[in-house]
Amino acid sequence: MRSVRRGSARMRSGLAAAVCALGVATALAGPALVGGGGGGSQEPQPSQRSGLGPHSVGAGTEAAAESCEKPEASLRPSSASGPAIKRIKEREINGHKVGKLIAGVDQNSYRWGYRDPATGELTGFDIDLVRAIAKDIFGDPDAVIYRTIPTSQRIKALQQGKVDIVVRAMTINCDRIKDVAFSTAYFQAGQQVLVPDDSSITGYNTTLRGKRVCTAHGSTAEAVLDDPEKGVKALGAIKVKLVPNQLDCLVRLQMGQVDAVITDNALAAGQAAQDPSVKLVGPRFTDELYGVAMNKNDDDLVRRVNKVLADYRKGGADSPWQRAYRTWLAEDFGSTQRNPAPPDPLYKD
């Protein structure tokens, strides 16, 4: 039974207060450069980097994007090295060869990519996948430089060459494949509504009318709210608050500045686990697939990541994917996902 009520003296107790503090300290600060996460190193400031110049954005997937039917279709797996893998292996920073993968991640999404308060290291479902990719390329899961980036900066970070991959609960869709390349899907999620425990809102429906709704800029939830048939105009006078990161929304919900949060149910389940004063309501109202995002020109890296994912899915109940699911997500999803499994890969070549 939920014992914490919005507006009560107990709301700021325990873990909810810790989440609020984390949100103020990190989620609102914008892009950050971080180390940790099982030995990954800290990246220098952009002005200090060398060998990290932006890639040119080619037209490799634009034809596919224009006639987009299955945006989750990716390139077939291969362990062959090409220009992207060579660039990563031969990377130099400040004149020194570092031999590490640069990964764009989150540090505020509980269970997915977050900093463990006990160890100070980045950890979670997405972080486990980053480590698997680094192990395949370098033979060392710790050969990673982690760069934390807000939701709205994920695509720009890839286009500017600031990161090699983004593993950050990022939905594959037709708009995004115009700008970046994706791996095959590694998780299925969907949008859902998060509200205070005593809210009268029942889901993504007319009970949101006149309410203050928060979501992250650049998220798929923002796109849904902008949709003339499914969004704000369809539901009524919703007041939308856009923020850089989804955790910013949880902080505002806790502080009573918004009435509801719309986000991926996978992320929202983690937020509800952090704070018993909030809950998920209504059914999932979209179906979305998460993928690893990369620069459009890095075909060999896309194929290499797809090879890692092919291995990640193998082994049935003992596959790396299933082990990661049990470690990070099973408790939060509970009965809503009784038979979890990774999405089947779809290839376009």
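Five strands make up an open sheet, ordered 14-13-15-12-16, with mixed pairing (two strands pair if DSSP finds at least two bridges between them; helices, H or I and at least four residues, and strands, E and at least two, are DSSP runs numbered from the N terminus). The edges belong to strand 14 (239-243) and strand 16 (278-281), each with a single partner, so one side of each has no neighbour in the sheet. From one strand to the next the twist averages 30°. The model is a predicted one, so local features need pLDDT of at least 70 and side-chain atom pairs count only at pLDDT 80 or more, while totals for chains, interfaces and linings use all residues. Residues are numbered from 1 along each chain as its sequence is written, and side-chain values use heavy atoms, with hydrogens and water left out.

Within the sheet, strand 12 (residues 191-196) and strand 15 (residues 260-264) run antiparallel and are joined by four bridges. Here Leu194 sits opposite Val261 of strand 15. Helix 8 (residues 246-254) packs on the sheet and touches strands 12, 13 (212-216), 14, 15 and 16, its direction making about 155° with that of strand 15 (contact means heavy atoms within 4.5 Å; axes are lines fitted to C-alpha atoms, for helices over the stretch in contact, and angles run from 0 to 180 degrees between N-to-C directions). Helix 9 (residues 265-274) lies across strands 12, 15 and 16, at about 125° to strand 15.

As for open space, the largest pocket holds about 540 Å³ (on a 1 Å grid over the protein atoms alone, a pocket is an open set with protein on both sides within 12 Å along at least five of seven lines, a cavity is a set of points where a 1.4 Å probe fits but cannot get out, and lining residues have an atom within 4 Å of a point). Its lining runs to 21 residues, with Asn173, Thr220, Ala223, Val224 and Glu288 nearest the centre. Helix 6 (220-226) and strand 17 (288-290) are the elements giving two or more residues to this lining, and helix 6 has the largest share, three residues.

The largest cavity has a volume of about 150 Å³, and among its 16 lining residues Arg154, Arg168, Ala169, Asp264 and Leu267 lie nearest the centre.

Note on methods: Points joined across faces, edges and corners; volume = space filled by probe spheres on them.
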